[in-house]
Amino acid sequence: MTTAGLTEQFVLGNYGRFPISFARGKGGYLWDEEGNRYLDFVTGIAVCALGHCPEVMSKALREQGEKLIHVSNLYQIREQAELAEFVVETMLKRPGKVFFCNSGAEANDGLIKLARKRAYDKYGAGAGKNIIITCKQSFHGRTLGGIAATAQEKVKIGFDPLLPGFLHVPFNDIETLREAVTDQTAAVLFEPLQGEGGINPATPEFMAAAAEFCRAHDALLMFDEVQCGSGRTGDWCGWRTLLNGTGIEVEPDAVSWAKGFGGGFPIGSFWASDECAGALGPGTHGSTFGGTPLGSVVALSVLKEIEENGVLENVKRQEKRIKEAVAEWGHPLIESLRGSGLMLGFVLNVGTLQEQEAFRASGKTPSLYVVSEAMKKGMLTVPAGETVVRWLPRLDVPDKEVDEALSLFKNVLDSLL
Ligand SMILES: Cc1ncc(COP(=O)(O)O)c(C=O)c1O
C-alpha cells in the first residue's frame, strides 16, 4: 500500500498533511519516495538545528546506543546532569536548575506547575495566587495545560472544561498587562518571539514592563523559548537577541525549550532560577523518559556543536544576507520580512495576491498558497498564521543553500504575479 494509503487507513487524522512523504534526508535536503529533492527551510518546524542526519548526532546515537540507552530517574544520571550543566553555564549563564521531558507542551506544563506550586508554598491555598497570564496569538502546545495557556480560540474549541486559571492579554500591550497582573497572578508566560502566531517579537518595553509587574506582585516571569530558543535567533536566549543594543535588561525566572534543543531527538526541558526551582521537590513532578542517557548525550552533542563551531555566528550572518537580499527585491508580494536570526516571517501582501485569479480559485489561505507553490518548485517553507510564510532553515545553513533558497523563493513569488 502507498504511504498515503497506509496513513489514511491506520493513522489518526488529526494532522492536515501535504501529499508528500520523505524517504531520506541529508544536511539541508530531503528526498521524497519518488526521489525528488527538496531544499528544506522547515527543518521539522525549527527542530533539525543541524540539518538532517548530521554526523555529530549519528555518532552520539551510535556510541551511546551501544553503551546505555535508558535508566530511570530513580537513579543519578551523569549524562543528564552534564546536559543540565551546559544549560545553566553556557546557555543561561545564570544559576538555576533544569528539568527534562519530551516535548514543548510538556515543558510548558512543567512551567505552569512550577508557578502554581511556588505560589502555593509561599502564600498558601487560601491566597488563590494561581493565575497564569499569557498573550494573544501565542502557542504553548496541545496538552490540556498547553491549550489552556494558548491564547488562540481554535485550539480550545470542543475541549471544555479547560484547565482554569488563565488570562489572555494582547501581546505587547503594556497597559492591559499592568491591569491584569495582580496579587493573584502566579506567573506571566509568553514567547519572546511568537512562532505559530506569525513571527511576532515582543517589544523590549513590553518585556521590561512584564518583569516590573511580576516583581511588584511577586509573580514569575516565564519565557516559552520552545521555538525561538536553542540558538535559533543567533544567541542561546531569544529574549537576549531582542534586547540586544536597547540598553534594556530583562531576565526571566523560568524558560522552556524543545524543538531544536535536541536537533531532532525528542527532548524538552525547562530551567528555573534557584529562587523558584525548589518548589518542585521530590514527588511533585516527573517524566519516565525525561533526560535519559541517550537523549541527554544526543542533545548535548547538538548544543556543543552549535557552541563550538561558529553556528550562532552563522545564524546572524545568514539573517543579514537574507534580509539584505529580500530588501533589494522590493517584491510586490512581500509586505515585510520580520523575525530574528533564522526564524524569519515573510508577511505577504494579501491585496496583491487577491488580484490573482489562480489564488482566488485555490481556496487556500495566502500563506498556504505560497507554501504549496514553493513546494511544487522543490522548496519547503511553512505558514505562520494565514498571511506569513516562515523560513526555518538549519542553523548551520551554508551560503550555497541560502542563495538557492533566495533564488527559488523569488522565482515562486514572480510566478504568482
Ligand atoms: C512556542 C511553542 N511552544 C510550545 C510548542 C509545543 O511544542 P510540542 O509540539 O513539542 O509539544 C510549540 C510548538 O510549535 C511552540 O512553537
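This is a predicted model: local features need pLDDT of at least 70, side-chain atom pairs count only at pLDDT 80 or more; totals for chains, interfaces and linings use all residues.
Local features were taken at pLDDT of at least 70 and side-chain atom pairs at pLDDT 80 or more, whereas totals for chains, interfaces and linings use all residues. Residue numbers start from 1 along each chain as its sequence is written.

Strands are DSSP runs of E with at least two residues, and helices are runs of H or I with at least four, both numbered from the N terminus. Strands count as paired if DSSP finds at least two bridges between them. Strand β1 (residues 22-26) is joined to strand β2 (residues 29-32) by four bridges, and the two run antiparallel. G25 faces L30 of β2. The two strands form a hairpin with two residues between them, and G27 in the turn has a positive phi of about 55°. Zero of the five residues of β1 are buried, so the strand lies largely in the open; buried denotes 20 or more other C-beta atoms within 10 Å of the residue's own, with C-beta atoms placed from the backbone.

Four bridges connect β14 (residues 343-348) with β17 (residues 388-391), where G345 stands opposite R390.

Of the 14 residues around the ligand (C-beta atom, placed from the backbone, within 6 Å), S103, G104, A105, G141 and V226 come nearest. Helix α5 (residues 104-123) supplies the largest share of this shell, three residues.

Notes. A residue is buried if 20 or more other C-beta atoms lie within 10 Å of its own, exposed if 12 or fewer, and partly exposed in between; C-beta atoms are placed from the backbone.
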